[in-house]
Amino acid sequence: MPQLHHRVCHLCEAMCGLVIEHENGVIRSIRGDQKDPLSRGHLCPKAYGLKDVHEDPDRLRTPLRRVGDRWEPAGWDEALDEVAHRISTIQQRHGASSVALYQGNPTVHNYSGALFGQLFQKALGSRNRFSATSIDQLPHMLAALQMFGHQLLLPIPDIDRTDFFLIVGANPLVSNGSLMSAPDVRHRIEAIRARGGRVVVIDPRRTETAQLADLHLPVRPGTDALLLASLLHVLFAEGLARPGRLAPFTAGLPELQRAVAPFSPEEVAPHVGLDAPRLRSLARDIAAAPSAALYGRIGVSTQTFGGLASWMLYALSVVTGNLDRPGGSMFTSPAFDIVRFASKIGQRGHFDKGRSRVRKLPEFGGEYPVSTLAEEIETPGQGQIRGLVTMAGNPVLSSPNGRRLDRALASLDFMVSIDIYRNETTRHAHFILPTTFGVEHDHYDVIFHALAIRNTARYSLPLFSPHPQARHDWEIFLDLATRLQAARGPAHALAARAQRRALRALSPAGLVDLGLRLGPYGKSLQMSLATLKQAPHGVDLGPLRPLLPGRLETRDRKIDVAPRLFLNDLPRLQRLLTEAPAEGLTLIGRRELRSNNSWMHNSERLTRGPERCTLRMHPEDARRRGLQDGCRVQLTTRVGSIEATLELTDEMRPGVVSLPHGWGHDRPGAALRVASARPGVSLNDVTDDLALDPLSGVAAFNGLPVQIAAVP
Ligand SMILES: Nc1nc2c(c(=O)[nH]1)N[C@H]1C(S)=C(S)[C@@H](COP(=O)(O)OP(=O)(O)OC[C@H]3O[C@@H](n4cnc5c(=O)[nH]c(N)nc54)[C@H](O)[C@@H]3O)O[C@H]1N2
Ligand SMILES: Nc1nc2c(c(=O)[nH]1)N[C@H]1C(S)=C(S)[C@@H](COP(=O)(O)OP(=O)(O)OC[C@H]3O[C@@H](n4cnc5c(=O)[nH]c(N)nc54)[C@H](O)[C@@H]3O)O[C@H]1N2
Ligand code: SF4
Ligand SMILES: [Mo]
């Protein structure tokens, strides 16, 4: 008899509720859960990735040890013992920071792994920590830290009630939303227009999202900070700055006004590549809208002015009174309130408390930019990285100048990867420790409930019991942490073992229970794990509510709309006005609906159909270079060359070309049979580890100069 299982999809930030039909341990079908209060029945094709990855014969099931080019299975105890021993030995000889840590994106989609990963991180005690944050949302978090006092206090666009949705450098129709958990974003955007609201997209490409909009503005890549500064300029110059109820607890408005004075639409227009009257009327439209949700994502955060652009978007919300207003950008009240928790234990985030060894890049939240990882491994001397732990990450394909990192990883004394696949990164490890996946464990979105457009809470039980050989991420972290602590001496060993017993007894689910009970609905709604277990479709906690000034975490309980850090970076932006816009082509990224960064290309179902890893170019640019649709072209940057198939489309802004990242599955030693049959190329073989936002340290993937020629 087929049975039904209800759970949340953990593959992206949208948190779609699913109904999974299964029989005799096999998933028969996956549908959207109509009763989920957030996703209301939505799902995307990737949901089947849960089944495909779960059943994938290439997914690792036992620990692997590499001996030269050969891999042999190892027992858990021997693998964990040897991994801890090798890490401790390097650390004893060369210092705690000689072993680095890289945490990839799926970490934040796995609450137990993330919580216990912190424990492991502490036990490792290395200052050389890296994660996908510095190739992603770091600037948004930095702006939140500076303006609202907490790195996780991110304003979320209230798209279900807004009258004006401005989308800058994001393509939620394909990405399903990021720092904005908003399943079924298509219907939500259509609803804005149906109720008489407007949608404007600023993107060098006429994306799937732009096609739904009232207005698409094809900005020149990397110039968003100029564009946004000009909007602020118009608001002040035309007396449209009206922070309203935010005014009593907003500091820095006069400083902001002075700071944006040089950036009139007329000044910035030739650099941004849009007409000044367009920019002026956009500022007026935002000011005139009864409510406006102003939103930016990867396109604005991962560029040379990522910090400034992220700050200015939030500043625009404040200046127009749209922060913390229904229909504007609001803060969430999640049932497990990670922001409050973190601040209770004094963790609000920090920036530039230290600098990396080689390139002197600033830390953020105790991490260094991953753009510097390769050179920290390659550069000899005191503090050199000699060992590496990767967890749920594939930086060879996901970080800039991946080829350089690829080579650097091969030179490490020791590397261990906690991952479900032997892929382009983990092939360099001496040990791979495989984890359970998806339907084999429980799930609660500690992070994404805090970033959702509506307050809801939903807990999922495991569907299948894990393979007898399998371990959860959290179990591996706990066991490694215990061993690392024990290696420091008998007293440490005793304490570590006691801690291990206590944490196993509490269990990750126990931590969620605690978080729910101590959260904002613990008393009022008796929120607990038991409550959620009785609500298999999730609990609706209502639309976002105004929370300011109470929710602010700044010392003076005020919004700082003009943090010194950002003001000091404005002369760099102003210099852009004195330079002639660069000739030649610039490269930007792209996401594809059936793909998820680098790791879902081993699903037959998700990769069939036309080739996806193509270089898109405007036909006019192709004509000038004598290139034909479908021909092979070579892309060359400072860092290297790759080849790709050309796809001509007038959705590209002339002068801009786009290629998706996460491909390039043709490296020896990886074991991904489906993916390697259609490998594509890695965009990050040509992105530049030296190209970053010097303010924040985030990688500047977008707006990279590139030469394109036919393959000889
Ligand atoms: N050029 C360019 N590069 C980019 C981007 C871009 O827009 N352009 N985007 C960037 C962004 S936003 C991100 S987030 C990064 C992502 O960068 P990464 O996080 O480094 O890479 P992923 O491709 O997400 O790799 C995830 C890894 O986790 C493993 N995995 C999946 N599930 C689990 C699990 O449950 N447990 C464990 N232990 N492992 C698991 C997979 O096998 C895979 O090896 O890429 C960045 N790179
Ligand atoms: N299907 C799918 N969904 C995903 C992922 C995936 O790989 N596949 N990855 C997940 C992850 S890790 C993340 S972080 C999110 C990201 O979520 P999004 O940010 O929505 O992702 P993208 O589709 O890369 O959208 C970025 C947009 O910025 C545009 N852009 C590039 N350069 C510039 C610029 O200089 N200025 C402006 N204004 N726009 C620019 C690009 O054309 C692109 O349309 O998606 C998540 N969801
Ligand atoms: S949109 Fe995201 S959460 Fe929803 S089904 Fe697709 S991958 Fe899963
Ligand atoms: Mo990301």
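View 1. A backbone N or O atom of Gly-222 sits 2.8 Å from an oxygen atom of ligand 2. Keep in mind that this is a predicted model. On its own, ligand 2 would expose 910 Å², and the protein buries 97% of that.

**View 2. Who makes up the shell around ligand 2?** There are 32 residues around this ligand, and the ones that come nearest are Ser-175, Asp-203, Asp-224, Ser-595 and Asn-597. By class, the shell splits into 11 nonpolar, 13 polar and 8 charged residues. Helix H5 (172–175) and helix H11 (298–301) are the elements that each supply two or more residues to the shell, with H5 giving the largest share, 3 residues. Zooming out to domains, domain 3 (138–334 + 549–572) and domain 4 (582–710) each put at least three residues into the shell around ligand 2.

View 3. A backbone N or O atom of Asn-394 is 3.0 Å from an oxygen atom of the ligand, while an N or O atom in the side chain of Thr-435 is 3.3 Å from a nitrogen atom of ligand 1. Taken alone, ligand 1 exposes 910 Å², of which the protein buries 98%.

View 4. Of the 30 residues around ligand 1, Tyr-102, Asn-105, Ser-398, Asp-419 and Ser-598 come nearest. The shell counts 14 nonpolar, 12 polar and 4 charged residues. Ligand 1 lies between domain 2 (64–127 + 372–445 + 459–521) and domain 4 (582–710), because both give residues to its shell.

**View 5. An open sheet with mixed pairing.** Its 7 strands run in the order S5-S4-S19-S18-S17-S6-S7. Strand S5 (70–73) and strand S7 (129–131) stand at the edges with a single partner strand each, so each has one side without a neighbour in the sheet. From one strand to the next, the twist averages 20 degrees. Within the sheet, strand S17 (residues 387–391) pairs with strand S18 (residues 414–418) in the parallel sense, over 5 bridges. Look for Gly-387, which stands opposite Phe-414 in S18.

Conventions. Residues are numbered from 1 along each chain as its sequence is written. Chains are lettered from A and ligands numbered from 1 in the order in which they are written. This is a predicted model: local features need pLDDT of at least 70, side-chain atom pairs count only at pLDDT 80 or more; totals for chains, interfaces and linings use all residues. Side-chain values use heavy atoms; hydrogens and water are left out. A residue is near a molecule or strand if one of its heavy atoms lies within 4 Å of it. A polar contact is a pair of N or O atoms within 3.5 Å; within protein, one must be able to donate a hydrogen and the other to accept it, and residues adjacent in sequence count only if both atoms are side-chain atoms. Accessible areas come from the Shrake-Rupley method with a 1.4 Å probe; for residues, only the protein chains shown count as cover. Helices (H or I, at least four residues) and strands (E, at least two) are DSSP runs, numbered from the N terminus. Ala, Val, Leu, Ile, Met, Phe, Trp, Tyr, Cys and Pro count as nonpolar, Asp, Glu, Lys and Arg as charged, and the others, Gly among them, as polar. Domain bounds come from an automatic or database domain assignment. Two strands pair if DSSP finds at least two bridges between them. Axes are lines fitted to C-alpha atoms, for helices over the stretch in contact, and angles run from 0 to 180 degrees between N-to-C directions.
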